[in-house]
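Have the structure open as you read.

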Amino acid sequence: MIFFFSNLLKFLILILLGICLSSHGQNLVTYTEPIQNFKYHSTLYKVVLRQRGIIKNSYVYVSKTPIGVTSWEWAKQENKTFNYTTFSFRGKVSVEVIKINSKSASAILRPSVNGDKAIACTKQGEDRIIKFTIKEPGKFSVEFDDDPNNKDALMIFADAIESTAIVPDSNLHKIFYVDTSLYEKPIKVEENARIIYFKPGIYNIGLFYVPAYVNQIYISGGAFVRGYIYAKRTNNQLPLKINGRGILSNDVWPFRFPIISDKYSPNWYYSFSKDWYKSIRIEGGKKHLIEGITLVDGTSFNIIVHADSSIITNVKIHGFRYNNDGITISGANHLIDECFFHLSDDAISLGEMKSISIKNCIFWQLSGSCIQFGWYPHSMNGQNIIENCHIIHAEWKNKAEQNAGFINAINFSNPSPNSMVENFLIQNIFFDTEVIRIIDIRMNRPNSKQPNQFKNFYFKNIRALISPEINNPAIYLNGYDSQHMISNFHFEDFYINNVLINTNNYSEKGYFKIDDYTEKIQFK
């Protein structure tokens, strides 16, 4: 099966991002602390950068879960921290990571494509130091051997220098600079201003409805913006860019704000989840762009886009809470590229869709699926591609877990008998970690039986790892009935634990569980 993905996305990339050879003449850019003695300054790590005789510190943030508190809100992530830093560079840069008060002997970098050999630590008093060189932009998990369960994770986001095409220039545009003294007060943007700009500092904007005449929100590196950004657009209105190297956070609001309750049931969830505030929500329009920013500590879902021909690129999303879904998206002709997910729920959730491309993403799943094809049956068609992705960690433990795997389709409620999901090329997927589930497409789950159809899926060059201790299928392909089947799935160069899966061995060791309503499964 050959897939031809639309050239529209390539065209959009060039138009929206531009191709630049310089950005203010700098080859190494670090970002300031939002405010002196900021409460989210990491006390566990320091990061020092060196390039051509220039030495800079890269500010390290921390996100924390409660200590000594047990609540399903935190999805069994209590007593953990997530530490992260962002810088931008061109050329190559030497990185020195200092872990404070550590007894570590070595550390490794993930994804393993960056080298799977341990880097020896050097001692500096009670601290431990590793050094390595980065030659191109990427997202790096630095894992010291005195923390085998990654209780205090560290991510380094080494970005490319920002494109001058999407960094606002006050000489060319009317810009509205947000006042840091605002505290959940309406942002009154002059009608002749097309760009909203957050300089370095701390902001609290509450729930902000973006005026239709605004076409860009720029969150600069060193800006820590507390709030929720909502936009409604039609196809005749300006597309919206939200970009920069800053941070968007919901840290000062409670779980599932403003609908607050300790109750949980499926009916309660579907009744009220629509009213939870989302970090970014864009409804309607086309050609939107979300680029470069980091989202942390969401109170519920992080990004929702119901639009067409939009791009989400180089976005980093972290959330310890349950319901911290990363990107929920529907529409047509979308691109999700070079994003990072460290979440306690689905990283990418696909709605009604025609043609999506998901590329070069890194997944660290605390719970939930990497790519969720639907909590309810719906259609996806066109030409779709998922490629060049890495799963560096997946903390799925319970073999009975329903929402787990790189690909999952829950099909939980709201039956749609005429829906169909088709035409997906899924290739070059690499696992750095053993998992309990790889693919889980079922229409006959224990507590939910909903009709749908899946056909024309082509898996190529998959390198998966499963735990030998988990005695259950790694791949479920279960249809509904003779009218709602799974059909025409191809597996080429599909490896599990370094074993090539083929017609002779796919049913061994519990690799696959295929029912009577699944047909035309081929191996190569």
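## Charges and their pairs

The 55 positive and 48 negative charges of the protein have mean positions 3 Å apart. Here Lys and Arg count as positive and Asp and Glu as negative, while His and the chain ends are not counted. Each charge is placed at NZ of Lys, CZ of Arg, CG of Asp or CD of Glu.

A word on the source: this is a predicted model, where local features need pLDDT of at least 70 and side-chain atom pairs count only at pLDDT 80 or more, while totals for chains, interfaces and linings use all residues. Residues are numbered from 1 along each chain as its sequence is written, and side-chain values use heavy atoms, with hydrogens and water left out.

Side chains of opposite charge can pair when their charged atoms come close. How many salt bridges does a search of the whole structure find? The search gives 19, a salt bridge being a side-chain nitrogen of Lys or Arg within 4 Å of a carboxyl oxygen of Asp or Glu. Among them are these:

| Salt bridge | N to O distance |
|---|---|
| Lys-131 and Glu-96 | 3.8 Å |
| Arg-110 and Glu-143 | 3.0 Å |
| Arg-281 and Glu-283 | 2.6 Å |

Lys-131 sits in strand 10 (residues 127-134) and Glu-96 in strand 6 (residues 93-99), so their pair ties together parts that are 35 residues apart in sequence. Lys-131 is exposed, with a relative accessible area of 57%, whereas Glu-96 is buried at 10%. (Buried means under 20% relative accessible area, exposed over 50%, and partly exposed in between, with a 1.4 Å probe and protein chains only.)

Arg-110 belongs to strand 7 (residues 106-110) and Glu-143 to strand 11 (residues 138-144), so this pair links parts 33 residues apart in sequence. Arg-110 counts as buried at 17% relative accessibility, and Glu-143 counts as buried at 8%.

## The whole protein

The protein has two helices and 41 strands; these are DSSP runs (helices H or I, at least four residues; strands E, at least two), numbered from the N terminus. Its C-alpha trace spans about 65 × 60 × 50 Å along the principal axes. Of the 524 residues, 60% count as buried. Among contacts (heavy atoms within 4.5 Å) with a separation of 6 or more, 67% involve residues 24 or more positions apart.
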